[in-house]
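Student: Hi, could you walk me through this one with me? I'd like to start with the aromatic rings.

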Amino acid sequence: MAGVQLIRVTKSYGTVTVIPEITLDFDEGEFAVIVGPSGCGKSTTLRMIAGLEEVSGGSIRIAGKDVTWAMPKERDIAMVFQSYALYPHMNVAGNMSFALRLAGRPRAEIEERVRRAAAMLELTDYLERKPKDLSGGQRQRVAMGRAIVRDAYCFLFDEPLSNLDAKLRSSMRTELALLHKRLGRTMIYVTHDQIEAMTMADRIVIMEKGVVQQVGSPREVYNKPKNRFVAGFIGSPSMNFLDGELQDGDQLHVVGDGFSLPIQGDLAGRARAHGSRQVTVGLRPEHFSTPGRSGNEESIFAPVTLDVAVAEYIGSSQFLAAKIGGAPVTAAIEVGPESEPLASGKYAFDTSRIYLFDRGTGLTL
Ligand code: ADP
Ligand code: MG
């Protein structure tokens, strides 16, 4: 099987288990992003694929070959790290060609590969410059260039944009997505930033404490999170969680301190079948609105009272730091750019977008 596979891979340092067991299957040519909080084992996983860390158990396959015990240079991978040290005394061309020169490739081939990579990364005009005369973004592109000239089967990225400012990060995300299109290579990208994951990935792997929580497209993990962890991790601002109790009647409701919301459609059936009446309710900030606003076809709005402490103006929306009953919630209300700061009072929630979780296991109902 082509692509990259981790098969029941485990990793321990002495008595400390970092990866209890992980099985992942990356398709050839896909852009996969492994995302999770700091310390969850993302770098360890990537470094095992690269061969920079030994596995404690299980096996790894790249392009159909078992590489579990192969040296990094035998794996046909190229890696870009967060802290990419460029050689300060070499110019851009020298930095980019370093590995090829070390490997003793013919001069004409090296020049051609550097030329192509530089064009792709828009570095053609900078090939003679030293790193100190480049901007942060240009230096980051040189680090990418060093990987690209190798034309590996699989590219591994470990938080390569973390040291850049927000604006540059955003443009580099677009460039990376384009680069993936042009190269068509398998790319596995590690980040703690769910926005990076959502914007770039064909498929997202969400990890927590060394365990894969969900694998899916950005749309799947946002719309159908498997559990409370994924629901809270994906989406910005984060989903609000409130304690609620299911109350049967003509219409099933979830009721809690300061709210009573009707449960719609298939979710009502699943909630009725659920063993416990005590649940956690998940409300995404973006599914609140001012009363009377229309949503999509499925939208069914219910009133909810928000006690607003702070309204943050961000142009097209306002972020409200508010309370429902005694619980803090965030609401992101779409309003016109001329809107006055929103105040406490009646708002609406799109009840077709409610999530319910088992309060014990955190699994989505
Ligand atoms: P992430 O990249 O998701 O932030 P890492 O893969 O770097 O996380 O680390 C996962 C866990 O493994 C962390 O708790 C870290 O402290 C631990 N760890 C990493 N390297 C070592 C090591 N060489 N020895 C012991 N523990 C380590
Ligand atoms: Mg890391």
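Tutor: Happy to. This is a predicted model, so local features need pLDDT of at least 70, side-chain atom pairs count only at pLDDT 80 or more, and totals for chains, interfaces and linings use all residues. Residues are numbered from 1 along each chain as its sequence is written, chains are lettered from A and ligands numbered from 1 in the order in which they are written, and side-chain values use heavy atoms, with hydrogens and water left out.

Student: How many aromatic pairs does a search of the whole structure find?

Tutor: Six. Rings of Phe, Tyr and Trp (its six-membered ring) pair if their centres lie within 6.5 Å; planes under 30 degrees apart count as stacked, over 60 as edge-to-face and the rest as tilted. One of the six joins Phe 31 and Tyr 189: the ring centres are 6.0 Å apart with the planes at 40°, so this pair is tilted.

Student: Which strands do Phe 31 and Tyr 189 sit in?

Tutor: Phe 31 is in strand β3 (residues 31-35) and Tyr 189 in strand β8 (residues 186-191), so the pair links distant parts of the chain, 158 residues apart. Strands here are DSSP runs of E with at least two residues, helices are runs of H or I with at least four, and both are numbered from the N terminus.

Student: Are Phe 31 and Tyr 189 buried or exposed?

Tutor: Both are buried. Buried means under 20% relative accessible area, exposed over 50%, and partly exposed in between (1.4 Å probe, protein chains only). Phe 31 and Tyr 189 also form one aromatic cluster with Phe 157.

Student: And what about Phe 241 and Phe 357, how are those rings set?

Tutor: Their centres are 5.6 Å apart and their planes at 65°, so that pair is edge-to-face. Distant parts of the chain are linked here too: Phe 241 belongs to strand β11 (residues 240-247) and Phe 357 to strand β20 (residues 355-358), 116 residues apart. Phe 241 is partly exposed at 23% relative accessible area, whereas Phe 357, at 0%, counts as buried.

Student: Which residue lies over the face of Phe 241?

Tutor: Arg 228, at 4.2 Å from the ring centre. Arg 284 lies over the face of Tyr 222, at 4.1 Å. A charge sits over a ring if NZ of Lys or CZ of Arg is within 6 Å of the ring centre and within 35 degrees of the ring normal.

Student: Switching topic: which residues are around ligand 1?

Tutor: Among them are Tyr 13, Val 18, Lys 42 and Thr 44; a residue counts as near if one of its heavy atoms lies within 4 Å. Helix α1 (residues 42-50) gives the most to this shell, with three residues.

Student: What polar contacts does Thr 44 make with ligand 1?

Tutor: A polar side-chain atom of Thr 44 lies 2.5 Å from an oxygen atom of ligand 1. For Cys 40, a polar backbone atom is 3.2 Å from a ligand oxygen, and for Tyr 13, a polar side-chain atom is 3.4 Å from a ligand nitrogen. A polar contact is a pair of N or O atoms within 3.5 Å; within protein, one must be able to donate a hydrogen and the other to accept it, and residues adjacent in sequence count only if both atoms are side-chain atoms.

Student: Last one: how many helices and strands are in the chain?

Tutor: Nine helices and 20 strands. Of the 365 residues, 48% count as buried.
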